[in-house]
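Subject: The structure for you to look at

Hi,

Here is the structure I said I would pass on. Have a look at it first, then read my notes below.

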Amino acid sequence: MLYDEIDDPGETTPEELRAQYVDELAETVASVGIDEVAAETELDRETVTSLADGDSPEITLEDAAAVLATDDDAPSKDAILLEVRDHLLMGMTTGVLDVDTLASDIDSDLGPKAIQQKIEGRAPMTLEEYALVHHYIAERNDR
């Protein structure tokens, strides 16, 4: 889900998309166990418990990938992150979209340089920022 196509971007919002990501993380924590996820990631037990409860703590895309990677059937954290970044970059290519346009059109204070660094993985991206960018690219490509 984290790196899957958005089925109908016109029918969802970035906030709903982020909630879907959190639901996926909560399912993983429920399946793997709070203690195991906390031990295998750099997240503290309180944050993992919050995810398990369906809350929406402020975490990075890297943290989300680490949680998903705790599932034995999931790819590694690095593989998930590479897939996510590749998906974003391919979406930008398909939509003939540059970081300047992204920065001016999404509801965020992020500038083009910051967006580029986050997409490339040179700066941390929050799950909220990822939902904004992912949704915008999908919506742009759906037009």
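This is a predicted model: local features need pLDDT of at least 70, side-chain atom pairs count only at pLDDT 80 or more; totals for chains, interfaces and linings use all residues.

Is Arg45 buried, exposed or something in between? Its relative accessibility is 46%, so Arg45 counts as partly exposed; to be called exposed, a residue needs over 50%. Leaving out residues up to four places away in sequence, Arg45 touches Ile34, Asp35 and Ala38. Ile34 is 11 residues from Arg45 along the chain, and their C-alpha atoms are 7.0 Å apart.

Now zoom out to the whole chain. How many helices and strands does it have? There are 8 helices and 0 strands, so if you read along the sequence you get α-α-α-α-α-α-α-α. The C-alpha atoms fill a box of roughly 45 × 30 × 25 Å along the principal axes. For 143 residues, a compact globule would have a radius of gyration near 15 Å, and this chain agrees because its value is 15 Å. Of contacts between residues at least 6 apart in sequence, 64% join residues at least 24 apart.

On to the inside. Buried residues account for 45% of the 143 in the chain. In soluble globular proteins, nonpolar side chains tend to be buried together. Here the largest nonpolar core has 39 residues, and the members that touch the most others in it are Leu2, Leu102 and Leu127. The elements giving two or more residues to this core are α1 (14–32), α2 (34–40), α3 (45–52), α4 (61–69), α5 (77–94), α6 (99–105), α7 (112–120) and α8 (127–142). Which of them gives the most? That is α8, with 7 residues.

Not counting residues up to four places away in sequence, Leu127 touches Leu2, Arg18, Tyr21, Val22, Leu25, Ile59, Thr60, Leu61 and Ala64.

- Tyr130 is in helix α8 and, with 0% relative accessibility, counts as buried. Beyond its neighbours within four places in sequence, Tyr130 is in contact with Leu2, Tyr3, Tyr21, Leu61, Val84, Leu88 and Met125. Leu2 is 128 residues away from Tyr130 along the chain, yet their C-alpha atoms are separated by 9.4 Å.
- Val29 belongs to helix α1 and is buried as well, at 1% relative accessibility. Setting aside its neighbours within four places in sequence, Val29 is in contact with Ile34, Val37, Val48, Leu51, Ala52 and Val67. For Val29 and Glu128, 99 residues apart along the chain, the C-alpha separation is 19 Å.

For contrast, where is Val96? Val96 lies in the loop between α5 and α6. With a relative accessible area of 69%, Val96 is exposed. The phi angle of Val96 is near 45°, a positive value in a residue other than glycine.

Last, the surface and the charges. The accessible surface of the chain is about 7600 Å², and 43% of it belongs to carbon and sulfur atoms.

Enjoy looking around!

Key. Residues are numbered from 1 along each chain as its sequence is written. Side-chain values use heavy atoms; hydrogens and water are left out. A nonpolar core is a set of buried Ala, Val, Leu, Ile, Met, Phe, Trp, Tyr and Cys residues joined through side-chain atoms within 4.5 Å. Buried means under 20% relative accessible area, exposed over 50%, partly exposed in between (1.4 Å probe, protein chains only). Helices (H or I, at least four residues) and strands (E, at least two) are DSSP runs, numbered from the N terminus. Contact means heavy atoms within 4.5 Å. The radius of gyration is taken over C-alpha atoms; the globule rule is 2.2 Å times the number of residues to the power 0.38. Accessible areas come from the Shrake-Rupley method with a 1.4 Å probe; for residues, only the protein chains shown count as cover.
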